[in-house]
Amino acid sequence: MTRYFLALLAAILVMHTNTSLAVEFPTAPPNLKEMEAKGLPRLTAEELKAYFPGVIDSKGPKGRHIIISNPDGTCLRKPFKHGLKEDLGRWRIDEKNNTHCRSMPKQMRNVMGKGGYEENCFAVFRDPDGIHFFDYDVQDGFFAHVWRRSSDQ
C-alpha cells in the first residue's frame with residue numbers, strides 16, 4: 001500500500017511540474033495585419049509591466065528559448081536545444097508605442113567578429129486562452145514569437 005501511494009504521489013508531482021511543458025503553443029497569424037483583423041487584445045505598456053521583468057518560455061522561427069528579463073534591464077536568452085549558445089542582451093518597454101523591445105547580438109557577424117546588437121520592438125497580443133502571447137515585430141510586421149510565463153518563476 002505504501003509503495004503504491006508513493007508511486008502515485010511521485011506521478012502527480014511529475015505531472016504537476018511538467019504541466020506548462022505539456023501545453024502546446026498556439027499558432028499565430030503570419031503578420032500584424034492579420035493579427036489585428038483577428039481582434040485579439042493588444043497589450044498596453046502598463047499590461048506588459050506585469051510580465052517584464054520576468055521569465056518567459058518562448059517559441060519562434062529560430063526555436064524555443066527561455067528568456068530571463070532582469071529588473072536592471074539585462075536579459076538572457078537560453079535555448080532549449082543542448083549545445084546552442086546563450087545570448088546576453090537588454091530589454092525595455094516603450095511606453096509611447098506600447099511595445100516590448102529587446103536588444104540581442106546580431107545573428108550575422110562580420111569577418112572581424114564584430115556583430116554588435118540589434119533592437120527589435122514587438123507589439124504583443126493576448127491569446128484567448130489567457131496564457132499565451134504573440135509578438136509581432138513592429139518594424140516589418142511579421143510574427144516573431146509566441147510565449148508564456150515560464151514555470152521556472
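Student: What pattern does the protein chain follow, read along the sequence?
Tutor: The pattern is α-α-α-α-β-β-β-β-β-β-β-β. In total that comes to 4 helices and 8 strands. Keep in mind that this is a predicted model.

Student: Good to know. And what do the strands close into?
Tutor: A barrel, with 8 strands in the order E1-E2-E3-E4-E5-E6-E7-E8. The twist from one strand to the next averages 35°.

Student: Is the pairing parallel or antiparallel?
Tutor: Antiparallel. Take E1, residues 54–60, and E8, residues 143–149: these two strands pair in that sense over 4 bridges.

Student: Which residue in E8 is the bridge partner of Ile 56?
Tutor: That would be Arg 149.

Student: How do the lining residues divide into nonpolar, polar and charged?
Tutor: There are 8 nonpolar, 7 polar and 7 charged residues in the lining of the largest pocket.

Student: Now some backbone geometry. Where is there a cis peptide bond?
Tutor: Between Phe 52 and Pro 53, with omega at about 5°. Pro 53 is found in the loop between helix H4 (45–48) and E1.

Student: Which residue has a positive phi although it is not a glycine?
Tutor: Asn 98, with a phi of about 50°. Asn 98 sits in the loop between strand E4 (87–94) and E5.

Student: Why does Asn 98 count as partly exposed?
Tutor: Because its relative accessibility is 27%, and partly exposed covers values between the 20% limit for buried and the 50% limit for exposed.

Student: Back to the whole chain, then. What share of the residues is buried?
Tutor: Buried residues make up 39% of the 153 in the protein chain.

Student: Last one: among contacts with a separation of 6 or more, what share comes from residues 24 or more positions apart?
Tutor: Such residues account for 46% of those contacts in the protein chain.

Note on methods:
Residues are numbered from 1 along each chain as its sequence is written. This is a predicted model: local features need pLDDT of at least 70, side-chain atom pairs count only at pLDDT 80 or more; totals for chains, interfaces and linings use all residues. Side-chain values use heavy atoms; hydrogens and water are left out. Two strands pair if DSSP finds at least two bridges between them. Axes are lines fitted to C-alpha atoms, for helices over the stretch in contact, and angles run from 0 to 180 degrees between N-to-C directions. Ala, Val, Leu, Ile, Met, Phe, Trp, Tyr, Cys and Pro count as nonpolar, Asp, Glu, Lys and Arg as charged, and the others, Gly among them, as polar. Buried means under 20% relative accessible area, exposed over 50%, partly exposed in between (1.4 Å probe, protein chains only). Contact means heavy atoms within 4.5 Å.
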